[in-house]
Structure formats: structure tokens, C-alpha cells
Amino acid sequence: MNRIITLLACCLLLVTACAQQRKFPDQTGYISDFYGLFSLQERKSLDSLVTAFEKETTAEIGVVTVDSTFSSREKFESAAVDLHNAWGVGKKGKNNGVLIVICNDYRRIRISNGYGIEEKMTNEETKQIVDTIILPEFRQSNYYEGTYKGILAIMKEIR
């Protein structure tokens, strides 16, 4: 009887875990502009910047733009972290990835740091980059400039 109960409990946990697993779109490179926030030239510029940084440091920086179908407003923060984990941004074993998730529909941005990054750039420093560098540009609809300057600030912190 105990085996049946244990088996049923395991099956229930497996079904629950599978039901909660989110399906994310595939990455299109370091810059996945699903929302269409950047021009082709801007995407290429951002991609060149983070590609060169990855070659220099092995740290990976990704940028993804999404719309409101990505998640609810309330679950945006956790969905951004889930996406970071699902895509595996950063080198395996080093956890040295940063994912910038931008949702223009919600006017929200979330920077998710891998555990290996947190030694060099704290969550407070990340918040400061968002508040003082990225958001002032975004408020002026300068999304490329805000993202570019934000990436430069992140790179400076984790070099």
C-alpha cells in the first residue's frame, strides 16, 4: 500500500512539474528582439559588442525583447529568471551570464545575473545600472542607447 501511495505521489509531482514548465521561444543569438524594438543595424551593433566581450572574458550577455504574451505583469520577474535558466545564458559551470529582458508593453526591464556574476556585480549594482543608465534613455524612447549604455556599464562591472 505504501508503494502505491509513493508511486502516486511521484506521478503527481511529475505531472505538476511538467504542467508548470514554460515553453520559451528559441534564442536568435545574443540579441533576441522578438518585440522589434531595435533596427537591424542596432541589433548587429549590440551583437558585436557582446560577442567581443564574450571572446575576451567568457562572460555572456544576452538581450531579449518580449511583448505581454511572454508572461503576466505580476510574473514578469520570475519569467525573466526562468528564461535565463532555460536558455542557459553563461558558461556551464561558471554561471557567468547576464540576461536583459525588456518588455515594452509593461514598461519593465529585468536583468538576471548568473551566480558567477554576482561576485562581481551585485543585485544592487544591477538595479543602479537600470535606474541611472538604462531607464533615463528608455523614458525618452531611446531604447538602443539605453541598452547599449547599460551593456557597457555591465561589462565594466564584471571585467
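A: We begin with accessibility: buried means under 20% relative accessible area, exposed over 50%, and partly exposed in between (1.4 Å probe, protein chains only). Lys127, with a relative accessible area of 46%, is therefore partly exposed. The model is predicted, so local features need pLDDT of at least 70 and side-chain atom pairs count only at pLDDT 80 or more, while totals for chains, interfaces and linings use all residues. Residues are numbered from 1 along each chain as its sequence is written, and side-chain values use heavy atoms, with hydrogens and water left out.

Q: What does Lys127 form with Asp131?

A: Side chains of opposite charge can pair when their charged atoms come close. A salt bridge is a side-chain nitrogen of Lys or Arg within 4 Å of a carboxyl oxygen of Asp or Glu. Lys127 forms one with Asp131, their closest N and O atoms being 2.6 Å apart. Both residues lie in helix 4, 4 residues apart, about one turn of the helix; helices (H or I, at least four residues) and strands (E, at least two) are DSSP runs, numbered from the N terminus. Asp131 is partly exposed at 34%.

Q: Which parts does the pair of Arg43 and Asp33 tie together?

A: The side chains of Arg43 and Asp33 meet in a salt bridge (3.6 Å, N to O). Arg43 lies in helix 2 and Asp33 in strand 1 (residues 31-33), so the pair ties together parts 10 residues apart in sequence. Arg43 is partly exposed at 28% relative accessibility, whereas Asp33 is buried at 13%.

Q: How many salt bridges are there by this rule?

A: The count comes to 8.
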